[in-house]
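Take a look at the structure below.

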Amino acid sequence: MKLKRIFLPLGILLILSIFLPSITASAHDPKPATDAYTLIAEVNALRTANGLPPYTVNATLMAVAQAHSDYQASTSTVTHYGADGSRPFQRALNAGYPVGGTLSAGGFFSENIQAGMNLTPQQTVVAWQGDALHLNTMLSPYLTEVGAGVTNVNGYIYYTLDASTPSGGTIPAYTPDPDSTPSGTVVGALPTLDYIMPVTISTPKEDGQVIHEVLVGQSLWGIADIYGTTVQEIRALNNMSVDELVFPGELLLIRTVATEIPATPTLAGQSTSTATKASATETSIPTRTPTLIVEETPTVLPSPEVEIGSGFWTVILIVFVALIMAGIVTWLSGRNS
């Protein structure tokens, strides 16, 4: 009977050691999905919310988008151009996708790209809503098919979204004229942002106001990041609604800085501190074709919370049963002694 008293607690501990690891693991929430299909699901949810039919996933566009995300990750750049200088719709044509529309104007094809540390598909779609051109890629009534690519390099994630409308026939042949420059687009065509102007910090005016002029391809997220502020602060200073977009040529008030105050005359022999004038630094402008500025959405990730679920009550039940068994054994040993 003494052996029963010894082995019973050991048996209880053995049972708990088997169940506790799996219960503890199930209490933690899984990491957010960062795959291509989750990105497409987020875009289609946005289309549905705006009364548009969801994009149809196309296997060729999936391969094209994934290849471009891989290329960007391999070069640590965010760009619409391929290694050979190809534009997005050209890469789709080369892969065998029949891009519709007027190819000299870019065809019915549009590409969004984004990259950032631990960036989720949800944050990426929110960032793309910050300017008209990226938003049009997701909410175009003229585009019907989509592909997406996601590449993760040690937590730094590259996203590519390619949307298009097929020609419905054979793959059109297209040879670009090296001496020509992109002109206006046909009605309904949504060209990819091939030319992205980098955000340059403006010098404060005499009254201390820092005014930024929006250039082609710039969004509120990119502007806020370079100036070290937030989208919410820019919207508040310019009386912008949460749905209002920015367009090239628009002037935005970023902040108001203190202007230089003339030094007060002092008596001879007294030391005075020299007033420093507020200055602004300027970002470097690349000498080659400018690439898209990473528009990383600043977010504060919530700390993981452990929920009390079925696993917790399983442990309670095991302990309760073990106590009952121990009591029965004790009672039986008392009767037999």
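Strand β4, residues 156-164, is mostly covered: 8 of its 9 residues are buried. Buried means under 20% relative accessible area, with a 1.4 Å probe and protein chains only. Strands here are DSSP runs of E with at least two residues, helices are runs of H or I with at least four, and both are numbered from the N terminus. This is a predicted model, so local features need pLDDT of at least 70 and side-chain atom pairs count only at pLDDT 80 or more, while totals for chains, interfaces and linings use all residues. Residues are numbered from 1 along each chain as its sequence is written, and side-chain values use heavy atoms, leaving out hydrogens and water.

Now see the partners of β4. Strands pair if DSSP finds at least two bridges between them. Strand β2 (residues 109-117) runs antiparallel to β4, joined by 9 bridges. There, N112 has L161 as its bridge partner. Strand β3 (residues 145-153) is also antiparallel to β4, again with 9 bridges. G147 is bridged to D162. The hairpin of β3 and β4 has 2 residues between the strands, and N154 takes a positive phi near 55°.

Next comes the core. A nonpolar core is a set of buried Ala, Val, Leu, Ile, Met, Phe, Trp, Tyr and Cys residues joined through side-chain atoms within 4.5 Å. The largest one has 24 residues, of which M138, Y159 and L161 touch the most other members. At least two residues each come from α2 (36-49), α5 (121-128), α6 (132-139), β3 and β4. The largest share, 5 residues, is from α2.

Conventions:
Buried means under 20% relative accessible area, exposed over 50%, partly exposed in between (1.4 Å probe, protein chains only).
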